[in-house]
Amino acid sequence: MDIELDYSKLGKRIKEQRLKKHLTQEKLAEIVNIATSNISHIERATTQVSLPSLVKIANALDTTLDQLVCDSSLPVAGFYIEQDISNLLLGCTTSEKQILKEIMTAAKKALKEHRQEYPKGC
């Protein structure tokens, strides 16, 4: 199975981590020694970031490469998806969590039925 790096999701994760660190694009660019416009292009996925720049960005954001590229890495994708779902539940009341659980259960059932009806995808 060929998995390509999803630059759109990579850019989104970089932006999320940058905002969590309360950094502007300008400040991050200064830290990693690249042009501010490059940070903008990376976050919007209009350019492909080089590995050396990606390592510098990850270090500046106190994160790991696997966290930034998890959508493109099968071994860690499931872990981070589960972490994202868990983060969505933060701050929810027990009744809200129950409603979300019921929605997920119904969605999972619908997906299974769809796969049985259209086994090759649609």
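## Basis of the model

The model is predicted, with local features requiring pLDDT of at least 70 and side-chain atom pairs counted only at pLDDT 80 or more, whereas totals for chains, interfaces and linings use all residues. Residues are numbered from 1 along each chain as its sequence is written, and side-chain values use heavy atoms, with hydrogens and water left out.

## Overall architecture

The chain contains seven helices and zero strands, in the order α-α-α-α-α-α-α along the sequence. Helices (H or I, at least four residues) and strands (E, at least two) are DSSP runs, numbered from the N terminus.

Of the 122 residues, 25% are buried (under 20% relative accessible area; exposed is over 50% and partly exposed in between, with a 1.4 Å probe and protein chains only). The chain exposes about 8,900 Å², of which carbon and sulfur atoms supply 55% (Shrake-Rupley method, 1.4 Å probe). Among contacts (heavy atoms within 4.5 Å) between residues at least 6 apart in sequence, 54% join residues at least 24 apart.

## Helix α3

Helix α3 spans residues 36-43, and its buried residues are Ile39, Ser40, Ile42 and Glu43. Viewed down the axis of α3, these buried residues fall within an arc of 165 degrees, so they line one face of the helix (the arc is that of the directions from the helix axis to the C-beta atoms).

The cover over the buried residues of α3 includes α1, α2 (25-32) and α4 (51-60). Just after α3, Ala45 adopts a positive phi of about 60 degrees.

## The largest pocket

The largest pocket holds about 290 Å³ of space. The elements giving two or more residues to its lining are α1 (7-20) and α6 (74-89). A pocket is an open set of points on a 1 Å grid over the protein atoms alone, where a 1.4 Å probe fits, with protein on both sides within 12 Å along at least five of seven lines; lining residues have an atom within 4 Å of a point. The volume is the space filled by probe spheres set on the points, which are joined across faces, edges and corners.

The lining comprises 13 residues, with Lys12, Arg13, Glu16, Tyr80 and Asp84 nearest the pocket centre. Helix α1 provides the largest share, six residues. By class, the lining has two nonpolar, four polar and seven charged residues (Ala, Val, Leu, Ile, Met, Phe, Trp, Tyr, Cys and Pro count as nonpolar, Asp, Glu, Lys and Arg as charged, and the others, Gly among them, as polar).

## Leu88

Leu88 belongs to helix α6 and counts as exposed because its relative accessibility is 64%. The C-alpha atoms of Leu88 and Leu100 are separated by 10.0 Å, the two residues being 12 apart along the chain.
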